[in-house]
Amino acid sequence: MNLISDMSEVRSQFPILERILPNGKKLIYLDNAATSQKPYFVINAMNEYYSKYNSNVHRAVHALAGEATEAFELARKSVANWFGLPSGGMVLFTSGTTDALNLCALGWAKVNLSSGDAIVLTEMEHHSNIVPWQMLAKEKNLELRWVDVDSETYQLDLDDFKSKINGAKLACIIHTSNVLGTRNPVEKLVEMAHDSGAKIILDCAQAAAHEKLDMSKINADFLAVTSHKMCGPTGIGALLISPGIFEQMEPIQGGGDMITEVFKEYSNFQENEHKFEAGTPRIAEAIGWSAAINWMQKLDMNAAHQHTLMLAKNAAEGLKKIPGIKVYGDHSNDDVSGVVSFLHESLHAEDIAHMLDSMGIAVRTGHHCAQPLMRRLGVTSTNRASFYFYNTIEESNAFVDAVKSIVERFT
Ligand code: PMP
């Protein structure tokens, strides 16, 4: 799909973009970093599963079970292919990025780290890449080391990373910030972590929506990804693991499907991905995610991202011209996502969001699950408009005009 010339065709595939809100305003959806919208292709694939071959997987021999199992395991293959999983690597389905990070903490780090070992985090992390490590650190007496974020350039301090990674066992790093849009130099960070003998997990919740991640090139030990920010359904994501990691992990949940045999005294576990997927898995969601991947395969991801960047840059430039507004994040280069965080010096972020909502414009407000970063920036919350490839320049301009009119009216 050529995005620019086929924009109306692209938008027509997302039914929600035509939504008229209860106040009569047409929706302008700029909360894509929280979750993206879904095309018919995904909605229909899930609908088809539920209406034509809904069944549990892996267990029964009947026709529907066969169809459902095939579609579910095919979804795993689509995810593996899309993310360039190296051969011997594995896709462990989870409920999302948060669940994937927790699985890494409990299934790998809990088993492989010991008292006194150090984990490196950054001040840019989302809470889901902080709290699991704090909980584990408390339980196992681990040290957490924090890498600084420069509050002027909005970049990670790489010298600080270099010194903190020294002697550490694991680095847990956000690939692309959900607040600043900053895309961290992950390839370099992976190399630095490996050079010092540490493993590295990347939180790719935001990144996977904007670029075609290739795990075999990134070379990280773990990627945590989610479906719902890349046009797929909520409720599913994955921990992608490099070859050799599976053998070092222990399951964190017991139950059906993850065992080969159960005795009164003990159980034997599966030796494949199912070992980490106790109980009925997320069947419809896996099928929906796979449909999203198939749909995105037809999209020129690079052109899509350039379009998103153009909208975000346009909004950032427009906002900067409004008296009293500060934009957080450096939109002057291309290593950013479609996120534009901003704050007015006297108007409350929540009030701005309510007023934008009354105009049909959906943005996010708050600490964005990144309180350590908020503290580094010296704020408690920001407004955040986040663009995606189906947004238009008219929407970007309408958003800037709306903020301008609010500021003019209330200051
Ligand atoms: N990390 C980042 C950077 C995020 O933006 C989000 C979603 N807000 C998460 C983790 C959590 O992802 P999920 O909703 O898939 O659990």
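The centres of domain 1 and domain 2, taken over C-alpha atoms, lie 28 Å apart. Domain 1 spans 7-30 + 299-410 and domain 2 spans 44-296; these bounds come from an automatic or database domain assignment. The model is predicted: local features need pLDDT of at least 70, side-chain atom pairs count only at pLDDT 80 or more, and totals for chains, interfaces and linings use all residues. Residues are numbered from 1 along each chain as its sequence is written, and side-chain values use heavy atoms, with hydrogens and water left out.

At the interface, 33 residues of domain 1 contact 31 residues of domain 2 (heavy atoms within 4.5 Å). Two salt bridges cross between domain 1 and domain 2 (a side-chain nitrogen of Lys or Arg within 4 Å of a carboxyl oxygen of Asp or Glu). R376 forms a salt bridge with D148, with 3.7 Å between the closest N and O atoms.

An open sheet of seven strands shows mixed pairing, in the order β2-β8-β7-β6-β5-β3-β4. Strands are DSSP runs of E, at least two residues long, and helices are runs of H or I, at least four long, numbered from the N terminus. Two strands pair if DSSP finds at least two bridges between them. The edge strands, β2 (90-94) and β4 (143-147), each pair on one side only. Five bridges join β2 to β8 (residues 237-241), and this pair runs antiparallel. Within it, T94 stands opposite G237 of β8. Helix α4 (residues 97-112) packs on the sheet and touches β2, β5 (170-174), β6 (199-203), β7 (222-226) and β8. Helix α6 (residues 158-165) also packs on the sheet, touching β3 (118-122), β4 and β5.

Conventions:
Axes fitted to C-alpha atoms, helices over the stretch in contact; angles between N-to-C directions.
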